Amino acid sequence: MTTALSITKNIHDWLFSTMPEGVASIVEMTLIALVYLGIFSVAGLFLVLMERRVAAWFQLRIGPNRVGFQGLLQTMADALKLLSKELTGTVKADKFLYNLAPYFVIISSLMALAVIPFTKDFHAFDINIGIFFLIAISSIGVIGILLGGWSSNNKFALIGAMRSGVQTISYELSIGLSLLTMVLITETLQLSEIVEVQKNGWLIVQGHIPAIIAFMIFMIAGTAETNRAPFDMAEAESELGAGFHTEYSGMKFAYFFLAEFINMFIIAAIAATVFFGGWLSPFGITESIPLLGVFWFLAKTLTLVFLMMWFRWTFPRLRVDQLLTLEWKYLLPINLVNIVIMAAVVWLNLTINF
Amino acid sequence: MTNEALQNLIGGWFPNPEADKVPAAVTDSESEEDSGDNQVAQQQVNPSLLEFTEEGSEHLNISVHSHLLHQLMSTLKENAATRFDYLFCLSGVDWGEELGVVYHLESTTHRHIVVVKVKTDGRENPTLDSIYDIWATAEFHEREVYDFFGIKFNNHPNLKRLFLTEDWVGFPLRKDYVDDINMIIK
Amino acid sequence: METTTVNSNFKSEKYQINMGPQHPATHGVLNLLLTIDGEIIKKVEPDLGYIHRSIEKMCERDSYQQIVHLTDRMDYLSSNINNEAVCLTVEKALQLAIPERVKVIRTIIGELTRISSHCLWWGVMGMDVGALTTYFYGFRDREMINDIMEETCGARLTMNYNVPGGLMFDIHPNFVKRVKDFIAHFKTKLPEFDTLLTENIIFQKRTKGIGILTREDAISFGASGPVARASGYSCDVRKYHPYSALDRVTFKEALRTEGDTFARYSVRIQEMWESLSIVEQLIDNIPEGEHRVKTNAVIKLPKGEFYQKVETARGELGVYVISTGTKSPYRLKFRSPGFSNLSLLNHIAVGGKIGDLVATMATLDLVIPDIDR
């Protein structure tokens with residue numbers, strides 16, 4: 001496990017000097033986990049705020065602008081309000097699963113954050129199967145949604161959960177295959193190395209046509225994977241009320257809500273890392289200042305997040321059978337062909353390298 | 001078609017002066033039937049079965065005896081000269097002694113309008129034939145009338161309360177309905 | 001043999017859900033009892049009466065001036081046209097000669113009401129198929145009409161502007177200018193409706209070929225308004241039984257033949273253009289004159305029966321009055337467009353998915369107080 005920013009190096013040394021090695025690494029991991037938890041629960045709230053402001057912008061409104069400067073604290077206040085809310089539930093709900101479900105969702109999305117490289121040194125868990133780990137983790141979240149919908153003893157929730165299940169399982173394929181297309185160029189699954197490979201040009205440039213196709217498929221599938229409009233089958237407020245989280249209230253609802261936004265961030269972060277060079281600056285203009293990598297990474301990620309918000313606020317929702325048609329009849333075959341094209345491109349050395 | 005022409009035509013369908021039973025000519029009445037003997041036919045209409053009036057109304061009103069209702073209605077729709085295929089209003093009325101239903105019909109081809117009125121026998125157990133098989137919209141409208149006037153419609157597929165709950169007592173739009181709590185009477 | 005055993009272990013079962021009374025897609029307190037097999041709808045049974053106030057019974061004790069006020073609360077989105085219907089019935093019964101000025105103003109306001117109702121419908125239609133932004137676009141333009149109404153008669157939704165014999169007050173001096181401003185504004189904004197929603201491929205996929213209503217069924221189910229016209233049944237009351245100043249304007253009746261959800265959608269978009277053109281034709285030619293003719297303080301209709309139909313934003317509204325010569329009607333029946341249009345929902349929604357039902361219901365444009373009169 002490679003740890004933390006260089007500023008945290010001292011903490012690392014101090015921990016290992018004061019206590020036995022085993023205890024020290026456990027304490028260190030806990031510390032990192034807490035830091036991540038803190039950062040991303042706040043970041044998730046700001047994503048919610050960003051969504052609300054973007055939505056307002058699309059909808060000829062102003063959006064939240066009263067709590068704090070330009071409404072910056074609005075979602076904080078909302079979270080505090082949700083914390084103080086009563087946790088209601090249905091009488092005949094399967095209490096254990098009902099209570100378990102939100103944690104599945106939030107924990108799986110927080111786990112995925114661990115492998116995302118924010119910059120060269122800001123990378124909690126750089127395993128050599130990074131992408132594989134991400135895909136694996138991101139499919140655990142749907143178990144939480146299925147459990148939540150099933151255990152809350154509500155037919156609307158059940159329909160929502162089933163829709164979500166069928167959708168996530170289908171689009172999982174496209175996510176995996178489109179990332180696999182890019183792995184053909186990088187020849188590694190480790191995210192830090194994937195970024196290193198892009199020093200010769202971002203992968204979307206290196207892989208040109210098949211990479212662009214893969215990127216588009218990834219964004220479509222990623223939007224579907226996070227259950228966001230136009231693929232928000234699971235919630236579909238005009239059809240199912242609130243879908244799988246109909247019966248949740250207070251903080252448990254907030255977990256679902258937060259997880260959706262963190263998932264959106266993760267999808268955008270993967271896209272930024274795999275297609276747009278992660279923390280690398282365009283044309284290497286700020287390579288001398290490594291800390292600026294965080295800025296570039298966030299800039300790219302938030303641009304893609306904005307793209308997903310743009311989808312959400314302008315497109316109508318697909319119907320559930322159209323959603324599956326799109327995946328199984330269009331995206332999947334295109335994806336398979338695309339992998340072959342990419343393999344040919346790599347084999348014939350047709351990639352564009354600077 | 002003008003009201004007068006309609007009256008002559010429809011009157012011609014029921015020539016039998018003392019018919020309690022179904023006149024044979026009605027079911028297969030064709031448009032040629034109306035041309036020749038309008039005047040004769042009109043005089044032969046039994047007033048207890050079929051009555052025409054235009055008094056106080058811009059449309060032709062036909063009052064029909066309840067057991068001829070379904071037959072008259074289906075003929076009004078099927079006959080090529082009348083072709084009343086659009087039932088646009090179905091209202092229940094409490095006439096005091098008895099209850100009634102008023103049907104407003106329009107033809108989408110000829111664009112003429114006719115009003116058919118029917119009354120029930122008394123108010124204790126009012127029954128009429130359902131016409132939902134002629135105009136599908138009648139299913140809903142008849143349920144509304146049943147709900148508010150208590151008129152039962154024979155052969156109706158799903159005759160139950162539409163607006164009110166199943167255990168509601170009484171029929172609110174009847175004139176003798178009393179509800180001290182919910183009704184404000186001036 | 002083996003396959004049958006497997007199938008009997010996993011047999012599909014229909015189940016029922018209550019869509020409503022507090023469901024976002026039913027736009028009010030309508031309860032639809034759905035019988036569903038998986039996602040596929042097997043039966044739709046409306047359960048009505050949550051907000052029934054028995055307006056027809058109330059009319060039997062009220063004077064005709066009071067009845068006008070009750071009609072606002074039926075189809076609240078075309079309240080002005082409802083008012084007009086009752087006033088026209090009373091005026092027809094009394095054989096009052098209505099000044100030209102009143103007729104023209106009534107028509108202008110009626111068409112503005114139609115546009116505002118369709119704007120709201122359009123916003124909500126988009127929301128029902130998942131495009132939330134349309135709601136605000138629809139409301140932006142509707143707001144201008146509401147402002148005009150507010151300046152003219154003091155109310156934004158339930159106007160009560162018509163009285164038997166004319167209008168409650170004369171129009172505001174700014175009225176003509178503001179309506180012209182609105183026309184100029186809306187002509188640039190209506191194409192935006194198309195670019196935002198109509199031309200969207202997902203929207204077209206969601207609506208084309210869904211909820212098909214044939215012309216025969218439309219007639220048999222007593223459909224009226226845009227629902228019937230999308231099925232090719234030409235039934236515009238404004239064309240066939242013109243009232244107020246509608247006999248002197250030229251407009252095209254929006255007709256489609258497909259009968260699907262998209263056709264009902266495009267008919268309403270087309271209607272907004274036509275209403276705009278009607279207003280444009282009349283706004284410069286409002287004749288001078290009285291805004292009201294004197295009627296007795298207590299209006300007593302002559303003995304008889306009177307039927308008046310008008311075209312509201314949802315279809316044909318009929319007012320059927322049986323008068324015995326007293327100050328209140330003996331029986332007053334409102335033939336509301338929503339009630340008949342709702343009766344065909346089961347017919348066109350069966351076999352579709354839940355999402356189809358929502359889209360179909362959006363294009364029926366139900367206003368629940370109109371059904372629960």
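Between chains B and C, the contact draws on 25 residues of chain B and 28 residues of chain C, where two residues count as touching if their C-beta atoms, placed from the backbone, lie within 7 Å. On the chain B side, β3 (86-94) and α5 (138-149) each put in at least two residues; helices here are DSSP runs of H or I with at least four residues and strands are E runs of at least two, numbered from the N terminus. The top contributor to that side is β3(B), with six residues. Sorted by class, the side of chain B that touches chain C comes out as 14 nonpolar, seven polar and four charged residues.

A word on the model itself: it is predicted, with local features needing pLDDT of at least 70 and side-chain atom pairs counting only at pLDDT 80 or more, while totals for chains, interfaces and linings use all residues. Residues are numbered from 1 along each chain as its sequence is written, and chains are lettered from A and ligands numbered from 1 in the order in which they are written.

Chain C also meets chain A, with 26 residues of chain C in contact with 23 residues of chain A. On the chain C side, the elements giving two or more residues are β1 (15-19), α5 (100-128), α6 (134-153), α8 (201-207) and α15 (354-364).

Elsewhere in chain C, strand β7 (residues 315-323) has nine of its nine residues buried, so the strand is largely enclosed by the rest of the structure. Buried means 20 or more other C-beta atoms within 10 Å of the residue's own, exposed means 12 or fewer, and partly exposed is in between, with C-beta atoms placed from the backbone. Strand β6 (residues 304-312) of chain C runs antiparallel to β7(C), and nine bridges join them; strands pair if DSSP finds at least two bridges between them. The link from β6(C) to β7(C) is a hairpin through two residues, and across this pair C:Q308 sits opposite C:V319 of β7(C). β7(C) also pairs with strand β8 (residues 331-335) of chain C, again antiparallel, over five bridges. There, C:Y320 has C:K333 of β8(C) as its bridge partner. In a regular strand, side chains alternate between the two faces of the sheet.

Within chain A, domain 1 spans 1-84 and domain 2 spans 90-347, with bounds taken from an automatic or database domain assignment. The C-alpha centres of these two domains of chain A are 20 Å apart, and 19 residues of domain 1 touch 23 residues of domain 2. On the domain 1 side, α2 (21-58) and α3 (74-83) of chain A each supply at least two residues, and α2(A) gives the most, with twelve. By class, this side of domain 1 holds 14 nonpolar, four polar and one charged residues.

B:A5 belongs to helix α1 (residues 3-11) and is partly exposed, because 14 other C-beta atoms lie within 10 Å. B:S74, in helix α4 (residues 69-78) of chain B, is likewise partly exposed, with 15 such atoms within 10 Å. B:S74 and B:N3 are 71 residues apart in sequence and 19 Å apart in space, C-alpha to C-alpha.

Note on methods
Nonpolar A, V, L, I, M, F, W, Y, C, P; charged D, E, K, R; others polar.
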